[in-house]
Amino acid sequence: MRAHRRWVTGGRLRGDARTSRPVEPDVGNANEGSHMGEGPSLSTCISKQGARAPITQIDHARAGIVTREMRQVAQAEGYLEEDVREAVARGILVIPANIHHASIQARGVGKVDERRPLSTKVNVNLGISGDMADPDVEWEKVRIAERYGADAIMDLSNFGKTAEFRCRLIRETPLMVGTVPMYDAIGYLEKALVDITARDLLDVVRRHAEDGADFVTIHAGINRATLSAFKRTGRLANIVSRGGSLLFAWMEATGNENPFYEHFDEVLDILHAHDVTISLGDAMRPGATYDATDAAQVTELVELGILTQRAWDAGVQVMIEGPGHMAIDEIQANMELEKRLCHGAPFYVLGPLVCDIAPGYDHITAAIGGAIAASAGADFLCYVTPAEHLRLPDAHDVREGLIATRIAAHAADVAKGVPRARERDDRMSDARRRVDWEEMFSLALDPEEARERFQSAPPQNEGTCTMCGKMCAMRTVNDLMDGLTVDLGRC
C-alpha cells in the first residue's frame, strides 16, 4: 500500500485551518472521534511515524470510521450510518467529496446492499467552449442546475481561463463537481496534441485534484488491447467519446500506450492525496444503437473492471461510466454486465439513448433509457438535453434536460423501492383528489412550469382546469362523496 504525505498549500480543508505545513492527525483518537459531534473530516494524513492514516472516504470506512460525509448521506437516504460506512468500504457506494471542496453537501452514489439502493443521482454537463465562450451563460446554467435539483455538475470547459471558472464553481456550489482533465489539457497546455506528454497530462490531473474536483473522468480503459478489438471488428459510428477520440489520436500519432493506463498508479497517487473519486471513462461507449454491446465496448469494460480493483487497492473510490446509445432490449443486460465485470462499482450512464432518429428530442430518448437503466441497477444518470447532437445547449435546454432526467431517476427510484421515493407521488395524488392547486404546484418537479401552464388558460369554473371544466372527475366524485347532488345537465 502506498504511503502519502499531503502538503496543504491553499484553500480551506474541511476541519483544518488554512496552513502550509503537513497535516498530522491524532490517529489514536480517530475512531473515538467518529462517534462524537460531527465526526472526523477527511483532512487526516500520514502520521509522523510513517504509518498510513486515512485520507479518503474508503480509507476511513475500512478503518471503521464514520465521517461527517457518511453521516450526511445516511441522513439524506434514510439508512443507518454503519450501513453506509460498510458499503463505502466495499466500494459499492461512493461519496465524491474532495478535501478542498469546502462548500459541498455530500451525496452518495450507489447502494447499501443488493436490496437497498440509494436514490439515483443526476448530473448536468456545462462548461466554456471555444465556439461559445461566454462564462456568464455557463453561470446561468450552474444556477439552473442548483435550482432544479441536480446532484452534480461536470465542468467540461476546454477553452480560455478554465481554471478560473472551475475554481469559482468549486468554491460556490454545494453540488458535486466533476471534470475531464483530458478536455482541459488541450486548451490549458496550449500544445499540439502530438506534443503533449504523459507528464503534461498527469500535471493537469493534479491541478484538477488540487483545485477541488470531487470526481474526474479518466479514460484509462482505451489501451492497446481495446483499440485492437475496435480495429479488428469495426463500428458504424466509430469512437464518439471526445476524450476517447483524443487519446486514440495521441496513441496513433506517438505509437505509445495510453498514458492514463501506463501511469495508472501515479494517477491513483494524485487522486488519493485529495480524495478524488475516479470515474473510469467509457471511451468506447456506443454512439449508435448498432454498435451497442460490441467487442470494443465489452473489451474496455473488462479493462475497467481490472482497473477498479487496482483503484480500490490504492484507497481510491471508483465509478464506472457507461453507454451511450442502446436499444431498450439490451439495457438491463448491460447494467448486469457492468456490475459483474466491475465488482459492483457504481455505474454512471449517459442516457442510454434508445434510438438514433430524434435530434431535438434526445432528452426524451435518453430519459426513456435512463429510467430503464436506473431501475436495472445504474446509480447515476448524466443528463441529455434537446440540443444533443446539434449544438451547445443553452440555459433553456439545460432546464429541459435536467427535468427529463430527474423524471427518469425518480421513476426508477419508485420502481426499485428507494426509501421515501413514492411518498411525493402519493402526496401529489392526494392533492389532485382534493383539487388543491397550490399543493400540486409545490410538489411538482418543476413548480414554475406547472403553474405557468395552468395560469395560461384560466378555467371558467373554480377548482377545475380547462381540460374538463365542469366535467372534472375529481370535483364530481368529491361532491358525490360529500352527499351533494351533481347536476351535469348544463355541461
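Tyrosine 361 counts as exposed, because its relative accessibility is 54%. The cut-offs for relative accessible area are these: buried is under 20%, exposed is over 50%, and partly exposed is in between, with a 1.4 Å probe and protein chains only. Tyrosine 361 sits in the loop between strand E10 (347-350) and helix H15 (362-375). Helices (H or I, at least four residues) and strands (E, at least two) are DSSP runs, numbered from the N terminus.

Tyr361 also belongs to a nonpolar surface patch. Patch residues have over 30% relative accessible area and no salt bridge; nonpolar side chains (Val, Leu, Ile, Met, Phe, Trp, Tyr) are joined within 5 Å, like charges within 9 Å.

Two notes on the source. This is a predicted model: local features need pLDDT of at least 70, side-chain atom pairs count only at pLDDT 80 or more, and totals for chains, interfaces and linings use all residues. Residues are numbered from 1 along each chain as its sequence is written, and side-chain values use heavy atoms, with hydrogens and water left out.

Now the whole chain. There are 20 helices and 11 strands. The chain has 491 residues, and 54% of them count as buried. The accessible surface is about 21300 Å², with 51% of that belonging to carbon and sulfur atoms. Those areas come from the Shrake-Rupley method with a 1.4 Å probe; for residues, only the protein chains shown count as cover. Take the contacts (heavy atoms within 4.5 Å). Among contacts with a separation of 6 or more, 70% are between residues 24 or more positions apart.

Next, the open space. How much space lies in the largest pocket? About 1000 Å³. Its lining has 41 residues, and the closest to the centre are Asn125, Leu156, Arg242, Arg285 and Glu388. E10 gives the most, with 3 residues.

On method: the search uses a 1 Å grid over the protein atoms alone. A cavity is a set of points where a 1.4 Å probe fits but cannot get out. A pocket is an open set with protein on both sides within 12 Å along at least five of seven lines. Lining residues have an atom within 4 Å of a point. Points are joined across faces, edges and corners, and a volume is the space filled by probe spheres set on them.

The largest cavity holds about 100 Å³. It has 13 lining residues; nearest the centre are Gln297, Leu301, Glu321, Gly322 and Pro323. Helix H13 (295-313), E9 and helix H14 (328-341) each supply at least two. H13 has the largest share, 4 residues.

On to helix H7, residues 181-189. Which of its residues are buried? Pro181, Met182, Tyr183, Asp184, Ala185 and Leu189. Their cover includes helix H6 (162-172), strand E6 (176-179), helix H8 (198-211), strand E7 (215-218), helix H10 (242-254) and helix H11 (259-262). Just after H7, glutamate 190 takes a positive phi of about 55°.

Last, charges. The count is 34 salt bridges. The rule is a side-chain nitrogen of Lys or Arg within 4 Å of a carboxyl oxygen of Asp or Glu.

Glutamate 82 and arginine 85 make one, at 2.5 Å, N to O. Both lie in helix H4 (residues 81-90), 3 residues apart, about one turn. Glutamate 82 is partly exposed because its relative accessibility is 38%. Arginine 85, at 13%, is buried.

Glutamate 449 and arginine 453 make another, also listed at 2.5 Å, N to O. They lie in helix H19 (residues 447-455), 4 residues apart, about one turn of the helix. Glutamate 449 is partly exposed at 24%, and arginine 453 is exposed at 60%.

There is also a network. Salt bridges with shared partners join Asp430, Arg433, Arg434, Asp436 and Glu439. Within it, arginine 434 pairs with glutamate 439, the closest N and O atoms being 2.8 Å apart. Arginine 434 is partly exposed at 34%, and glutamate 439 is partly exposed at 22%.
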